[in-house]
Amino acid sequence: MIDVGNLIQGTRIHGSLYRDPSVFARELDAIWYKVWVYVGHESEIPRPGDFVRRAIGLQPVILVRGADGKIRVFFNRCRHRGNMVCHLEHGNAAAFRCPYHGWTYTNNGALIEPTFSEGYDAGLRKEDFGLTPLPRVDSYRGLIFASVSPEGISLDEHLGGVKEFIDLFMDLSPSGEIDVRTGIQKLRYAGNWKFMPENSMEGDYHGPFIHKVAFALHSKRTGFDVSSLYKNEIPDVIRSIPGGHMVEDYRKATIEPPKREPSPARQAYAAALERRYGPQKAAQLLTTIAPLIYVFPNLLYLMTHIRVVQPVSVDETYVYYQPVLLKDAPDEINVGRLRDHEFMFGAAGFISPDDIEIMERNQIALHAAGNEWLFIGRGAHRDKVLPDGSSIGHTMDENHIRGFWQHYGRVMSLPAREPARAGA
Amino acid sequence: MPDSQVEHFLYHEARLMDESRYEEWLDLWSEDALYWVPCNDDDIDPARHVSIIYDDRERLVQRVDRLKSGSVLAQQPKPRMRRLISNIEIVERGSAQLTVHSNFILGVARGGTQQIWAGRSIHELRSQGDSFKIARKTVLLIENDQEIPLLQFLI
C-alpha cells in the first residue's frame, strides 16, 4: 500500500500524488467511497418524482424525490442483473424501469414486481430487491450530500467551520434560498482532479499572471476593480478549515464600488437585502465579494456558480459549472448573474479556460522527475492558527492548500473501507 | 439575391475563423449583433439557462480583444484549424434579411491531438451594399450537452 504520509511533508508534496494510478485507486476507497460527497441541490428536484443522475467517484447514483416527498439517493443499478435503471440525466418519473428485463421500481425505490414473476420461487420477497439506497444522505441549506460508507462522522461534523461561509454565500439571496436549475456547463481536462480545488482557491496569487487581461476587461465592464486584491496583500483572507475545506473570506477586503449609478433592479435588490438583513449587513454584502468556498472533496462555490469536481482517472477530470440564481431577487439581477458567469467560466469563458490549460500543462510537467516535490510554503512563517485548527493567511498565502493536503493525508492513511459483503 | 453570394459569405467567414483573422471577422457583424452558443440543448431560454457563449456586440469586441492580446494560454501555441461548411439552406428570405442554416465540421490540431467539432449554424444575415452583416448567429454544437474541452477559438 502507498505510504501517503511520506508524500506529504508540511510545505512540500510529492508529484506522484497527481500522477500515480495506485494513488487514484486508493483515493476512490479512502475518499470518494468514504466521506460525504456533494450530489446535488434541492432546487433541482422540487416536485415528487424529479430526479437527476449523478456519480460518486466512479459509482453512478440517482438523486430523486420520491412520491412521498422524501429525498433519496440510490445506486443506479438494477437488482436483477446490474444494468443501469436510469439513463436520463434528469427528468420526472413515477417509476424507473430497467430496460434490460423490465424490472420496475417506484421512485421511492421499491421493486413493484419482477417481470414474468410466475417463474420465480414463491419465496422471493420483492421487499428484498428494492433499489439500493446510499447508506447515508443528509443536507445543509439545500445542498445534498451522500456517503457510500455506512459509518463515519455526521454531515454537520464534516462541514464544521465551513457552514458559516456557506451561510454567507446564501445570504446574497433576499430569501436566503438559491435556485440552480440553470443548466450545467460540462468540461473535461487532461489532469488530476486535485488541481481543480487548488487552482480555484488561489486565484489571488495566479490571477496577475494568467488572468490579467480578463480581469481588466471585467473591471471595465462591471466597475469592480479586483486588481487591488493582489496589489495589496490583505491579511486574514485565506482560510484553511478543518476537514480539508478552503475559504477565501473577503469580508475585510473592501473593493472600490462602481462609480456608476445603480440600476433600478440593483436598487430593488439592495432594498430587499436591507429588509432582510438590516442596513449594515446589506451594505457589507453589496460592497464585498462573497466568500469563495471549497468543501472537501468535490464542491466549490465560486462567485456566480456551484462547481463540482468529478474524477475520471488519475489524469482525467470532468468539471461541472452550474450557475446559482438568487431566489426572489429581481429577474434582471439573475440574468446579469448568468451573463457574468458566461463572461468568466465555461469552455468559452475568459477566465477558467486559462486555469484549465494550466492544469493540463501541470499534469505533463509532473512527469519530470528531476525534483519530484512541489513547494506550497507561501506564508508558512506567518500562519495564524486558531484554537479549532483553522489557519488564516494573507490573500496570496498557501496555508489553505497546506490544510487541504494535511487533511487529504489523514483521510488517505485511515484504514480503507471494508469491501462490500456478498448478500443483500 | 443569388444563393452563391450566401455561400461565398459563409465560406469567407469560415476562412477568417480558421485563420484567426479576428478583426476582419468582427467587421462581419452588425452593431446589434448577438452571438449565441446554447448549452445543454438547442432551444434553451437564455434568461433562465446558462449558455456556452452569449455575446452582445460589446462582449464580442471583448472576446476578440482577449484573443488578440496574446495572453490566452490555450492559444499558445495557436491551434491549426480548418472547417467545412455544408448543407446550406436559406430557410427564410425577407426583403432585407435572410435566415440561413448550415452544418459545419471543424478540425482543431494542437498539443499532439486533433479534435473534431461539429454542429449547425443559424445565421441571420442583413443585406448591406453588395454583401451582408451578421445580425445574429446561433451555433448548435452536437456536443453541447457533453463534457467538452476548451473552446478558445472562433466557432
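The model is predicted.

Chain A is assigned two domains. Domain 1 covers residues 37–140, and domain 2 covers residues 161–413. Their centres, taken over C-alpha atoms, lie 34 Å apart. Eight residues of domain 1 of chain A and 13 residues of domain 2 of chain A form the contact between them. On the domain 1 side, strand S3 (residues 37–41) of chain A gives the most, with three residues. That side of domain 1 of chain A holds four nonpolar, three polar and one charged residues.

Chain A also touches chain B. The contact draws 28 residues from chain A and 27 residues from chain B. Several elements of chain A each supply at least two residues to its side. The strands among them are S14 (185–189) and S20 (316–323). The helices are H6 (212–222), H10 (331–344) and H11 (352–365). By class, the chain A side has 16 nonpolar, five polar and seven charged residues.

Within chain B, Arg83(B) belongs to strand S3 (residues 80–93). Arg83(B) has 19 other C-beta atoms within 10 Å, and is therefore partly exposed; a buried residue would need 20 or more. Beyond its neighbours within four places in sequence, Arg83(B) is in contact with Ala14(B), Asp18(B), Phe104(B), Ile105(B) and Leu106(B). Phe104(B) lies 21 residues from Arg83(B) along the chain. The C-alpha atoms of Arg83(B) and Phe104(B) are separated by 6.6 Å.

Terms used
Residues are numbered from 1 along each chain as its sequence is written. Chains are lettered from A and ligands numbered from 1 in the order in which they are written. This is a predicted model: local features need pLDDT of at least 70, side-chain atom pairs count only at pLDDT 80 or more; totals for chains, interfaces and linings use all residues. Domain bounds come from an automatic or database domain assignment. Two residues are in contact if their C-beta atoms, placed from the backbone, lie within 7 Å. Helices (H or I, at least four residues) and strands (E, at least two) are DSSP runs, numbered from the N terminus. Ala, Val, Leu, Ile, Met, Phe, Trp, Tyr, Cys and Pro count as nonpolar, Asp, Glu, Lys and Arg as charged, and the others, Gly among them, as polar. A residue is buried if 20 or more other C-beta atoms lie within 10 Å of its own, exposed if 12 or fewer, and partly exposed in between; C-beta atoms are placed from the backbone.
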